[in-house]
Amino acid sequence: MSENDSLGKNENFLEQIIKDDLGNSHSQNQLRFRFPPEPNGYLHIGHAKSIYINFGFGQQFSSPVNLRFDDTNPEKESIEYINSIKNDIRWLGYSWDKECYASDYFDQLYEWAEGLIKKGKAYVDDQNQETISDQRGIPTIPGKESPFRDRDVDTNLDLFRKMKDNYFKPGDCVLRAKIDMSSPNMHMRDPIMYRIIDHEHHRTKDNWVIYPTYDWAHGQSDYIENISHSFCTLEFEVHRELYDWFISNIYDEKKIIPKQREFARLNISYTIMSKRKLLELVESNEVDGWDDPRMPTISGMRRRGIPPAAIISFCEKVGVAKRENIIDFALLDYCTREVLNKKAYRLMVVIDPVELEILNYPDEKNELLKAENNPEDESYGHREISFSKNLYIERDDFKEEFNRKYFRLSIGKEVRLKNAYIIKGERVEKNDSGEIIKIYCTYDPKSKSGSGTEESLRKVKGTIHWIDKNNYEKISVNNYDRLFKVEAPDGNKDDDFKTYLNENSFVQVKNAYAESNIRDSKKENYYQFQRNGYYKLESNNKELTFNRTVTLRDTWKSKS
RNA sequence: UGGCUCAUGGUGUAACUGGUAACACGUCUGGUUUUGGUCCAGAAGAGUCUAGGUUCGAGCCCUAGUGAGCCAACCA
């Protein structure tokens, strides 16, 4: 079901690798992918790219995709994260074949580790962390071998079993692969396979006190699950040699050898993509949790009102390559608007109200005017909006002084009230501080929208939205903006990224006036407050509260 | 005194086994429009990091530079 194929769109390099393998080493039914998050945080838009890549290939090649939790570090992981991850993937519209856990393979991994010891390819090192680290050397200088490196097999086996059986304390010893302390690749300098961690695991509870490291667990998990292609981000490129080394040492049957390949992670301007830093924002209460609408997390974007289709479309447009990149946030906004324009129910909401009285409109008259729910889609139908002599309009839609580029209301200037009549500004009333508190206008009774009269067909330059003063709903609106003030908040290693937080990223408007139809709004729907932006219902407890997803595109260069 | 990776308009991604750069976003024009939205039409903007080489011909191949990223957690 790949749209890519049908559109003849260009293949990315990972797709080419798969197709090459299909022509040589792999058959169609041997293809299998996986998405391997560590349950130590919430998924963000960067993970969405990875999800899109892996599950996208699954769809394209009709291959199964496993969801595998890389849960080898119980100190950082939790069931809360597991649940949020599953929820987010489903919300994005994907379903996995098997739900797997690296922890399900702990027995097998242990067995293989003993196998490596027996082959003389792994040993227990009694040195402390600091010593091991010192001995590893630096990239330009070879490391030194551990004095415990040449222990015999029986000693190693005995020690390793004691490690497993809780004879030692964390830090007393580790199991290391015996490879090459002078390798130019630091990861080949006798990497650690097991360490002792005294912490209950969220799944295996207290069954284990030794836990495999990422390098020892990941590739083997791929191998166990018959994963054909293991795609990860660029920083794991240097791990590949070790990934292959481990598998070559356990490989003993005619199983698929998984192939690790790396692509560039996603970066977006004015935000950060590090789980560690995102956690920091959450814990320091800079944001309202992992799902704060300003967060680049999947859950945050969901709360903000970005539909899954927009996220998928974004990942598609962003492409897959090996080059470091920073995507312009405007592309995400574009994808969001593109989807929402077709989906959103339109409503009129005045966010910063000022009173408007129509002098020649009958005092007691009240009309119900017809409005389209979505001009992009006839099937959304129509609604009725209450109209009378006294209204509210957006303060911003009236100006006493203006230039020829100004389309909105002013004294002596005509404008159309959306779905209603053409009015002309007459005069204003100000308070002592010179602030406009009320605008007076006159209307053309024959210009009613949709009436078909000659007057109603007149072209006026501007159209503005409004609210009936006698029939409206007060709502609360959360206007969000970018979380950071600079394009690359974590680009400068010397500065704390939090110093670049945008203090105006969240503006709450308590008293916005909405047409009364807003009472029917639903959590699952998307809304456009006309001429203002797209909004998502956040809460409908006593008072309706909406989150602004994104503003409408604004090409009016209101420059001054 | 190391290894690995990358280098195409402002941003991102293309260009099949070499045949003088395409698409999207952004920007700018104009048109339509009862949302300064949408939609439609169009424009500007790179000669592909640099220097050599191979070739009739190179963004694609080779060499050497330059620049950037990653690697020295008992994190993933």
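Residues are numbered from 1 along each chain as its sequence is written, and chains are lettered from A, with ligands numbered from 1, in the order in which they are written. Local features of the predicted model need pLDDT of at least 70, side-chain atom pairs count only at pLDDT 80 or more, and totals for chains, interfaces and linings use all residues, while side-chain values use heavy atoms, with hydrogens and water left out.

Helices (H or I, at least four residues) and strands (E, at least two) are DSSP runs numbered from the N terminus, and two strands pair if DSSP finds at least two bridges between them. Three strands form an open sheet with parallel pairing, in the order β1-β2-β3. From one strand to the next, the twist averages 35° (axes are lines fitted to C-alpha atoms, for helices over the stretch in contact, and angles run from 0 to 180 degrees between N-to-C directions). Helix α4 (residues 79-91) packs on this sheet and touches β1, β2 and β3 (contact means heavy atoms within 4.5 Å); its direction makes about 160° with that of β2. Between β1 and β2 (residues 65-69) there are 3 bridges, and Arg-34 has Asn-66 as its bridge partner in β2.

Strand β24 (residues 533-539) has 6 of its 7 residues buried (under 20% relative accessible area, with exposed over 50% and partly exposed in between; 1.4 Å probe, protein chains only). Antiparallel pairing links β24 to β23 (residues 527-529) through 3 bridges and to β25 (residues 545-551) through 6 bridges. Gly-533 of β24 is the bridge partner of Phe-529 and stands opposite Thr-551 in β25. The hairpin of β23 and β24 has 3 residues between the strands, with Arg-531 in the turn at a positive phi of about 65°, whereas 5 residues connect β24 to β25 in a hairpin.
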